[in-house]
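Q: Hi! Could you walk me through this model with me asking questions as we go?
A: Happy to, ask away.

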Amino acid sequence: KNTGDNTPAVIHYELVPGDTVEVHVAAKGGGSEAKSKFAMLNPSDSVIDWVLSAVPQMGAGWCPPGMLGIGIGGTAEKAAVLAKESLMDPIDIQELRERGPSNRIEELRLELFDKVNRLGIGAQGLGGLTTVLDVKVKDYPTHAANKAVAVIPNCAATRHTHFTLD
């Protein structure tokens with residue numbers, strides 16, 4: 001049953017040394033969240049090919065243009081958490097393009113950014129040149145027989161905040 005007030009909250013926490021508490025908050029919309037995709041790929045399968053097949057299946061319900069958070073590796077739930085965490089990072093694809101990639105994850109971000117935008121889905125799914133404003137990727141080690149991949153879209157109304165309590 002829908003609680004009618006967006007509760008309960010989903011809370012992820014990590015215990016770390018120190019005397020401060022860092023809080024990251026994302027008021028994630030249900031429309032974009034409902035378009036999340038997950039797959040357990042074979043080790044030889046292409047993440048790029050899978051993402052390029054998954055994004056058109058999302059339709060316009062995630063309110064593009066927005067961001068794509070992609071988690072690769074770990075277990076099924078780890079991949080989803082990685083994808084969600086990646087959405088907390090600032091939009092910086094233009095800076096990355098200017099300085100150039102320094103590792104495989106940054107190469108993957110740039111390649112997916114260009115290829116997803118070339119799909120022509122555009123704003124609100126009406127067609128156009130801009131479907132994503134940024135693509136974020138986080139990865140994690142996994143069992144050699146698995147390749148967990150999750151993609152979670154975030155609409156342009158990115159409602160995030162970050163603060164530290166001392």
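Q: Where is proline 65 found?
A: Proline 65 sits in the loop between H2 and E3. Keep in mind that this is a predicted model.

Q: Noted. What is the peptide bond from proline 64 to proline 65, cis or trans?
A: That peptide bond is cis, with omega near 5°. As background, most peptide bonds are trans.

Q: And what about phi of cysteine 63?
A: Phi of cysteine 63 is near 60°, which is positive although the residue is not glycine. Cysteine 63 also belongs to the loop between H2 and E3.

Q: Let's go back to H2. What happens at its start?
A: A side-chain oxygen of serine 46 comes to within 3.2 Å of the backbone nitrogen of isoleucine 48 there.

Q: And what follows H2?
A: Glycine 59 does, with a positive phi near 65°.

Q: Which residues of H2 are buried?
A: Val47, Ile48, Trp50, Val51, Leu52, Ala54 and Val55 are the buried ones. Their cover includes E2, E3, H5 and E5.

Q: How many residues does the largest nonpolar core have?
A: The largest nonpolar core has 27 residues, and Trp50, Val51 and Ile70 have the most contacts inside it. Two or more residues each come from strand E2 (37–41), helix H2 (47–57), strand E3 (66–73), helix H4 (93–99), helix H5 (104–117), E4 and strand E5 (147–154). H2 gives the most, with seven residues. In general, nonpolar side chains in soluble globular proteins tend to be buried together.

Q: What does isoleucine 70 touch?
A: Setting aside neighbours within four places in sequence, isoleucine 70 is in contact with Val51, Ala83, Ser86, Leu112, Val135, Lys136, Val137, Lys138, Val149, Ala150 and Val151.

Q: What does the side chain of lysine 136 pair up with in a polar contact?
A: The side chain of aspartate 134, at 3.1 Å. Beyond four places in sequence, lysine 136 touches residues including Met67, Ile70, Ser86, Asp89, Asp92 and Arg109.

Q: Switching topic: how much space lies in the largest pocket?
A: About 1,500 Å³. The largest pocket is lined by 28 residues, with Val10, Ile11, His12, Tyr13 and His24 nearest its centre.

Q: Which elements give two or more residues to that lining?
A: Strand E1 (21–26), helix H1 (30–33) and helix H3 (76–86) do. E1 provides the largest share, six residues.

Q: And how does the lining split by class?
A: The lining has 15 nonpolar, seven polar and six charged residues.

Notes. Residues numbered from 1 in each chain as written. Predicted model: local features only at pLDDT ≥ 70, side-chain atom pairs only at ≥ 80, totals over all residues. Heavy atoms only, no water. Polar contact = N/O pair within 3.5 Å; in protein donor to acceptor, adjacent residues only side chain to side chain. Contact = heavy atoms within 4.5 Å. 1 Å grid on protein atoms, 1.4 Å probe; cavity = no way out; pocket = protein on both sides within 12 Å on 5 of 7 lines; lining within 4 Å. Points joined across faces, edges and corners; volume = space filled by probe spheres on them. Helix = DSSP H or I, 4+ residues; strand = E, 2+ residues; numbered from the N terminus. Nonpolar A, V, L, I, M, F, W, Y, C, P; charged D, E, K, R; others polar. Core = buried A, V, L, I, M, F, W, Y, C linked by side-chain atoms within 4.5 Å. Buried < 20%, exposed > 50% of the residue type's maximum accessible area, 1.4 Å probe, protein only.
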